[in-house]
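Please read the following points alongside the structure.

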Amino acid sequence: MTGILDPRTAAPATTAPSLIAHLARLDAPIVYVRTAPFPHVHPSAGLRSAERGLTFAGPGDVVCLPAAADPAFVELLAELGLGPDPSRIVVPRGPALAPLGPRFLADQDALDRIAALLPAEGVAWLAPGLSYPDDAPLAAAIAAARGAPVEIFGAAPSLVEHLDHKPTVRAAALELGVPVAEGSVVRLRLDHDGRAADLTPLRRAIRQVAGRSGRAVVRGAFGSSGSSVFLTGREGFVGAAADAFAAAPAQAVYLVEEYLPIRASPNVQVLIDPSGTATCVSIADQ
C-alpha cells in the first residue's frame with residue numbers, strides 16, 4: 001500500500017496529547033518514523049512492532065509505517081482516545097520489509113504528503129525511537145518538502161550504538177558498583193558466511209556460569225526488545241534453544257551471565273530531552 005489511508009474512512013481525531021511532546025515540552029508536531037531495522041528473528045514481526053508509534057502520537061502528529069496499519073488496532077486506539085487520525089498515517093512505496101528511510105527518500109509523493117500534514121511554518125520534530133544514520137537525510141528531505149525546519153528528537157546514532165553494546169554497559173555498571181550477575185564476555189570468530197566458526201568458547205562460558213542455578217542467559221552484544229537474548233541450561237544450546245540461536249543473526253561478541261531466579265525485574269524508563277534534562281517516565285515490573 002502507498003500513501004495515506006483513505007480519509008473518508010478516518011475515525012474522529014483523538015484528543016490525547018503526544019506523549020513525547022508532553023514529556024519534553026515540545027510545542028510542535030512530531031513525525032514518528034522508525035528508520036532503524038527491527039531486530040526480530042522474523043522480519044515480518046517488525047511490521048507490527050512499528051505500529052507502536054501510533055500509541056505515542058497526538059492528533060497533530062504524523063506516523064510513518066512500513067506497511068498499512070492493522071485496522072483493528074487503529075480502531076481500538078481510537079476507542080481508547082489514542083493515536084492520530086488514520087489519514088495521518090503515511091506508508092511509502094516499496095517492499096514492506098525494505099528499510100524505511102531509503103523508501104521515503106525514493107518517494108517524493110510520500111514526502112510531500114508528510115509535509116502537507118505539517119504546519120507550513122515553524123519547527124517540526126522527527127522522532128525515530130531508536131536513532132539511526134538514516135534519520136538525518138530523512139529529516140532533511142521532509143524539511144525540504146515543507147520549506148521549514150525538521151529537527152531530530154534523539155541522540156547521535158553513534159552514541160546510541162555505543163550504549164546498545166551490552167558488554168560496554170556491563171563494564172560501566174561494574175565500574176559504578178552496580179550489582180550484576182556473574183558472567184563473562186565471549187568473542188567468536190565468524191566465517192565468510194557470517195556464522196560462528198566454533199561455538200566452543202560460548203559453551204565453556206555457559207558451563208562456568210550455570211554451575212549454581214543450572215541455567216545461563218546469553219545476550220548478543222547488540223539487539224533490542226530481547227531479540228538477541230537466549231536462555232540455556234548447562235548443556236548449552238540444544239532443542240528449541242538451539243533452533244532459536246541458529247535462526248538469529250550471528251554476532252562476534254556475546255555476554256554470558258548466570259540466570260538468577262529473581263522475584264522482580266524492574267524497568268525504569270528515563271527521557272533525556274535535547275537540553276540534557278533527564279525525567280523519569282515510569283517504573284514498572286517486567
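Does phenylalanine 153 count as buried or exposed? With a relative accessibility of 10%, phenylalanine 153 counts as buried, because the cut-off for that class is under 20%. The model is a predicted one, and the points below should be read with that in mind.

1. Aromatic pairs. The count of aromatic pairs in this model comes to six. One of them joins tryptophan 125 and phenylalanine 153, whose ring centres are 6.1 Å apart and whose planes stand at 80°, so the pair is edge-to-face, planes over 60 degrees apart being placed in that class. Tryptophan 125 belongs to strand β5 (residues 124–127), whereas phenylalanine 153 is found in the loop between β6 (150–152) and α8 (157–164), so the pair ties together parts that are 28 residues apart in sequence. Tryptophan 125 is itself buried, its relative accessible area being 14%.

2. Another aromatic pair is formed by phenylalanine 230 and phenylalanine 237, which is edge-to-face, with 6.1 Å from centre to centre and 90° between the planes. Both phenylalanine 230 and phenylalanine 237 are buried. Ring pairs also bring Phe245 and Tyr254 together with Phe230 and Phe237, so that these residues are linked into a cluster, given that rings pair if their centres lie within 6.5 Å.

3. A charge over a ring. Arginine 215 has its charged end over the ring of tyrosine 259, at 5.1 Å from the centre of that ring.

4. Cysteines. The structure holds zero disulfides. For the reader who wishes to look at individual cysteines, cysteine 64 is buried, with a relative accessible area of 4%, whereas cysteine 280 is partly exposed, with a relative accessible area of 46%.

5. The second largest pocket. The volume of the second largest pocket is about 340 Å³. Its lining is made up of 16 residues, and those closest to the centre of the pocket are Ala36, Pro37, Leu130, Tyr132 and Asp164. By class, the lining of this pocket comprises ten nonpolar residues, three polar ones and three charged ones.

6. Alanine 116. This residue has its place in helix α6 (residues 108–117), and alanine 116 is exposed, because its relative accessible area of 65% is over the 50% cut-off. Although 30 residues separate alanine 116 from arginine 146 in sequence, their C-alpha atoms are 7.2 Å apart in space.

7. Proline 66. The loop between β3 (62–64) and α4 (71–79) contains proline 66, which is buried, with a relative accessible area of 10%. The C-alpha atom of proline 66 is separated by 9.2 Å from that of arginine 48, and these two residues are 18 residues apart along the chain.

Technical notes: Residues numbered from 1 in each chain as written. Predicted model: local features only at pLDDT ≥ 70, side-chain atom pairs only at ≥ 80, totals over all residues. Heavy atoms only, no water. 1 Å grid on protein atoms, 1.4 Å probe; cavity = no way out; pocket = protein on both sides within 12 Å on 5 of 7 lines; lining within 4 Å. Points joined across faces, edges and corners; volume = space filled by probe spheres on them. Nonpolar A, V, L, I, M, F, W, Y, C, P; charged D, E, K, R; others polar. Phe/Tyr/Trp six-rings, centres within 6.5 Å; stacked < 30°, edge-to-face > 60°. Helix = DSSP H or I, 4+ residues; strand = E, 2+ residues; numbered from the N terminus. Buried < 20%, exposed > 50% of the residue type's maximum accessible area, 1.4 Å probe, protein only. Lys NZ or Arg CZ within 6 Å of the ring centre and 35° of its normal. Disulfide = S-S within 2.5 Å.
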